[in-house]
Amino acid sequence: MKRHALSTRIWHWLNFACLVVLFMSGLNISNAHPRLYWGDWGFEAADAWLFLPRYPGWMTIPSYYSLAAARDWHVLTAWIFAVALLLYMIAALLNRHFRRDIATSREEWRPSAIGNDVREHLRLNFEAHGQKYNFLQKASYSLVLFILLPLMIVTGMAMSPGMDAAWPFLTDIFGGRQSARSIHFICAWALVAFFVVHVVLVLLSNPLRQVRDMITGGGER
């Protein structure tokens, strides 16, 4: 069995490409109204809980301001992203990737075990002790796979007038369309933070082998 299954490798790179397009087109959409609110509605500056900067063209898709074009990029890529995530999760269940590599045991949640894992990370020792991933890796991957990515999809649906008309309960779940927009924004930047940490850790732990394994699958384990 290779270190990374083919389904994992395809999804990894496709997911990366989708998130880049979604994030950059999302920044262009944000430029249309750079304020965030809670509740069902929001327009006045006095009601905003966060004021956003205007993002420059090199950070956005397209590189010029166009709400219509940015929405086209965002919606098209969102469908690819959602379908790819669904197919990856089905494959991960069938090949037992979730159970074998991502699931954590009760012992791993002991405070002493977590503290030891944190100390090992601070020493730049990422040894998983016979497993594919250590506890912090499992916990962070679980957070991304089962919370942040699904929340991005569902809050995006809650913001869509068409989806809201078909399934109004989606908006109600989040306490209003503006609340869904705020949660969507928070999740997006949480994914950026995860990406930065992920890249830094890869650079600190044999990056050439890590990238090669995610392309070729790596050696058998």
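The second largest pocket of this predicted model is lined by Glu108, Ala113, Asn116, Asp117, Glu120, Ala128, His129, Gln131, Tyr133, Asn134 and Phe135. The protein has nine helices and two strands, which are DSSP runs numbered from the N terminus (helices H or I, at least four residues; strands E, at least two). Residues are numbered from 1 along each chain as its sequence is written, and side-chain values use heavy atoms, without hydrogens and water. Local features need pLDDT of at least 70 and side-chain atom pairs pLDDT 80 or more, while totals for chains, interfaces and linings use all residues.

**Overall layout**
- From the N terminus on, the order of elements is α-β-β-α-α-α-α-α-α-α-α.
- Along the principal axes, the C-alpha atoms fill a box of roughly 55 × 35 × 35 Å.

**Second largest pocket**
- Its volume is about 220 Å³, counted as the space filled by probe spheres set on the grid points.
- A pocket here is an open set of points on a 1 Å grid where a 1.4 Å probe fits, with protein on both sides within 12 Å along at least five of seven lines; lining residues have an atom within 4 Å of a point.
- Helix α4 (residues 111–122) gives the most to the lining, with four residues.
- The lining divides into four nonpolar, four polar and three charged residues (Ala, Val, Leu, Ile, Met, Phe, Trp, Tyr, Cys and Pro are nonpolar, Asp, Glu, Lys and Arg charged, the others, Gly among them, polar).

**Helices α1 and α2**
- The axes of α1 (residues 6–32) and α2 (residues 67–94) come within 8 Å and cross at roughly 155°, with angles running from 0 to 180 degrees between N-to-C directions of lines fitted to C-alpha atoms over the stretch in contact.
- That crossing makes α1 roughly antiparallel to α2 (over 145 degrees).
- The contact of α1 with α2 has 18 nonpolar, eight polar and one charged residues.

**Aromatic pairs**
- The count is 10 aromatic pairs, where rings of Phe, Tyr and Trp (its six-membered ring) have centres within 6.5 Å.
- The ring centres of phenylalanine 23 and tryptophan 189 are 5.0 Å apart and the planes stand at 80°, so this pair is edge-to-face (over 60 degrees).
- Because phenylalanine 23 lies in α1 and tryptophan 189 in α8 (residues 177–204), the pair ties together parts 166 residues apart in sequence.

**Backbone exceptions**
- Most residues other than glycine have a negative phi, and most peptide bonds are trans.
- Isoleucine 61 and proline 62 are joined by a cis peptide bond with omega of about -10°; proline 62 lies in the loop between β2 (50–51) and α2.
- Arginine 96, not a glycine, has a positive phi of about 65° and lies in the loop between α2 and α3 (97–102).

Methods: Parallel < 35°, antiparallel > 145°, perpendicular 65-115°, else oblique. Phe/Tyr/Trp six-rings, centres within 6.5 Å; stacked < 30°, edge-to-face > 60°.
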